[in-house]
Amino acid sequence: EHERNNNNIGRGTVNITYKEPDLYVEAITLSNPTPKSGETLTVTWTVVNQGTRETRTGVWFDGLYLSNDDALDASDYPLVDQGTELERGLRVRLSGYHQTNPDGTVRYLLPGERYTQSATFTLPENIGGRYRLIVKADTETPRDLDKFSNIKNSIRDGLPTISPQHYFNHVPEFKDEGNNIRSIAFPVTYVAPPDLRVTQVSAPTRGIAGQQFEISYQVSNFG
């Protein structure tokens with residue numbers, strides 16, 4: 001085309017409508033809103049897709065965490081301790097939305113649809129205070145599996161912590177990733193752990209080598 005190649009480009013207007021899923025935790029309920037340390041209870045939560053597009057996946061994880069505040073950080077405690085081997089190992093809960101279409105393909109969570117899931121777990125012993133219960137839909141924060149991590153749990157020493165793993169984020173929400181989380185007040189009453197003490201011992205004042213003798217004792221729980 002030599003000198004006439006300046007007319008090879010055409011321009012026009014393209015209107016692009018933003019359409020993506022948006023998971024939002026609508027509600028959280030507790031089987032006991034004022035539990036005691038070491039108690040087993042059940043949490044139920046409802047998640048709605050308030051976006052404008054289906055999730056494009058049928059499997060993701062939801063997380064439940066015990067925290068001192070509303071912000072999820074690495075020192076918080078992952079509450080899930082029951083379920084499948086995968087759930088117990090990662091201490092997260094499968095979302096519970098596992099449906100298929102008539103042809104066997106995965107059915108996605110459509111805009112306006114919701115699901116309800118629950119988890120039963122046992123609170124740690126030897127804790128108490130005014131905590132926050134955090135539920136995060138499509139969480140990317142399972143239990144920290146790094147044995148050499150120096151992060152300490154803020155609830156109590158010796159408890160597992162959490163660590164973000166971005167490959168866990170299964171539902172692409174883009175600008176709406178930040179509202180997947182909800183927290184509620186979660187006061188836990190401290191219950192003293194068992195405190196066994198030997199309070200009485202009875203034994204002979206003398207014995208003979210090689211022969212049996214009887215000893216009795218009493219143990220009391222001062223916890």
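Author: Arg 56 counts as partly exposed because its relative accessibility is 30%; buried means under 20% relative accessible area, exposed over 50%, and partly exposed in between, with a 1.4 Å probe and protein chains only. Its side chain meets that of Glu 20 in a salt bridge of 2.5 Å, N to O, the term standing for a side-chain nitrogen of Lys or Arg within 4 Å of a carboxyl oxygen of Asp or Glu. Arg 56 sits in the loop between β2 (40-49) and β3 (61-67), and Glu 20 in the segment before β1 (23-30), so the pair ties together parts that are 36 residues apart in sequence. Strands (E, at least two residues) and helices (H or I, at least four) are DSSP runs, numbered from the N terminus. Glu 20 is buried, with a relative accessible area of 12%. Arg 53 joins in too: Glu 20, Arg 53 and Arg 56 are linked in a network of salt bridges.

A word on the source: this is a predicted model, where local features need pLDDT of at least 70 and side-chain atom pairs count only at pLDDT 80 or more, while totals for chains, interfaces and linings use all residues. Residues are numbered from 1 along each chain as its sequence is written, and side-chain values use heavy atoms, with hydrogens and water left out.

Now to another pair. The side chains of Asp 70 and Arg 132 meet in a salt bridge (2.7 Å, N to O). Asp 70 belongs to the loop between β3 and β4 (77-78) and Arg 132 to strand β7, so this bridge ties together parts that are 62 residues apart in sequence. Asp 70 is partly exposed, with a relative accessible area of 46%, and Arg 132 is partly exposed as well, at 24%.

Glu 113 and Arg 107 also pair through their side chains, at 2.7 Å from N to O. Both are partly exposed: Glu 113 has a relative accessible area of 23%, and Arg 107 has 22%.

Stepping back, a search of the whole structure finds 9 salt bridges. The protein chain has 1 helix and 10 strands, in the order β-β-β-β-α-β-β-β-β-β-β along the sequence. Of its 223 residues, 34% count as buried. Among contacts (heavy atoms within 4.5 Å) between residues at least 6 apart in sequence, 74% join residues at least 24 apart.
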